[in-house]
Amino acid sequence: IPLFYEMKWMIADIANARIPFRNWLGQGERGMSPYHDWIDWLGGYPFEVAKPEEVFSFFQRAGFVLEKLVTNLGGWANNEYVFRKP
């Protein structure tokens, strides 16, 4: 996935007569340079995903109450949880 992402930007740079990968050392929209973004992607593999019900069970055993849950419905975004300790 990261390779596809960077290839997309390389093609866009070429199409707009810009030097490809010139921005690799500059700060990107997310606050990191594309180089450090790659390191972040690669350093995260392999990883294990916790299902929402597993996260809920963990916090329930610790005495927390689920206030809000927003799932990504199988997309690329993260699930969002709000727990409260009564």
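## Aromatic pairs

In this predicted model, a search of the whole structure finds 4 aromatic pairs. One of them joins Phe 59 and Phe 83, whose ring centres lie 4.4 Å apart with an angle of 25° between the planes, so the pair counts as stacked, given that planes under 30 degrees apart fall into that class. Because Phe 59 belongs to helix 3 (residues 52–61) and Phe 83 to strand 2 (residues 80–84), this pair ties together parts that are 24 residues apart in sequence.

A further pair is formed by Tyr 81 and Phe 83, which is likewise stacked, with 6.0 Å from centre to centre and 20° between the planes. Phe 83 thus takes part in the pair with Phe 59 and in the pair with Tyr 81. Taken as a group, Phe 58, Phe 59, Phe 64, Tyr 81 and Phe 83 form one aromatic cluster.

## Burial around the cluster

Is Phe 83 buried or exposed? With a relative accessible area of 19%, Phe 83 is buried, because the class takes in residues under 20%. Its two partners named above are classed otherwise: Phe 59 has a relative accessibility of 27% and counts as partly exposed, and Tyr 81, at 26%, also counts as partly exposed.

Gln 60 lies in helix 3 and is partly exposed, with a relative accessible area of 48%. The C-alpha atoms of Gln 60 and Phe 83 are 9.1 Å apart in space, while the two residues are separated by 23 residues in sequence.

## The salt bridge

Side chains of opposite charge can pair when their charged atoms come close. The structure holds 1 salt bridge, in which the side chains of Arg 84 and Glu 67 meet with a distance of 2.5 Å from N to O. Arg 84 lies in strand 2 and Glu 67 in strand 1 (residues 65–70), and the pair links distant parts of the chain, 17 residues apart.

Which accessibility class applies to Arg 84, and which to Glu 67? Arg 84 counts as partly exposed at 39% relative accessibility, and Glu 67 is partly exposed with a relative accessible area of 45%.

## The chain as a whole

The chain contains 3 helices and 2 strands, and, read along the sequence, these follow the pattern α-α-α-β-β. Of its 86 residues, 12% count as buried, and the accessible surface comes to about 7400 Å², of which 62% belongs to carbon and sulfur atoms. Among the contacts in the chain with a separation of 6 or more, residues 24 or more positions apart account for 21%.

## Confidence

The mean pLDDT of the chain is 79, and 77% of its residues reach 70 or more. Among the elements of the chain, strand 2 has the highest mean pLDDT, at 94, whereas helix 2 (residues 34–43) has the lowest, at 73.

Definitions and conventions
Residues are numbered from 1 along each chain as its sequence is written. This is a predicted model: local features need pLDDT of at least 70, side-chain atom pairs count only at pLDDT 80 or more; totals for chains, interfaces and linings use all residues. Side-chain values use heavy atoms; hydrogens and water are left out. Rings of Phe, Tyr and Trp (its six-membered ring) pair if their centres lie within 6.5 Å; planes under 30 degrees apart count as stacked, over 60 as edge-to-face and the rest as tilted. Helices (H or I, at least four residues) and strands (E, at least two) are DSSP runs, numbered from the N terminus. Buried means under 20% relative accessible area, exposed over 50%, partly exposed in between (1.4 Å probe, protein chains only). A salt bridge is a side-chain nitrogen of Lys or Arg within 4 Å of a carboxyl oxygen of Asp or Glu. Contact means heavy atoms within 4.5 Å. Accessible areas come from the Shrake-Rupley method with a 1.4 Å probe; for residues, only the protein chains shown count as cover. pLDDT is the predictor's confidence in each residue, from 0 to 100.
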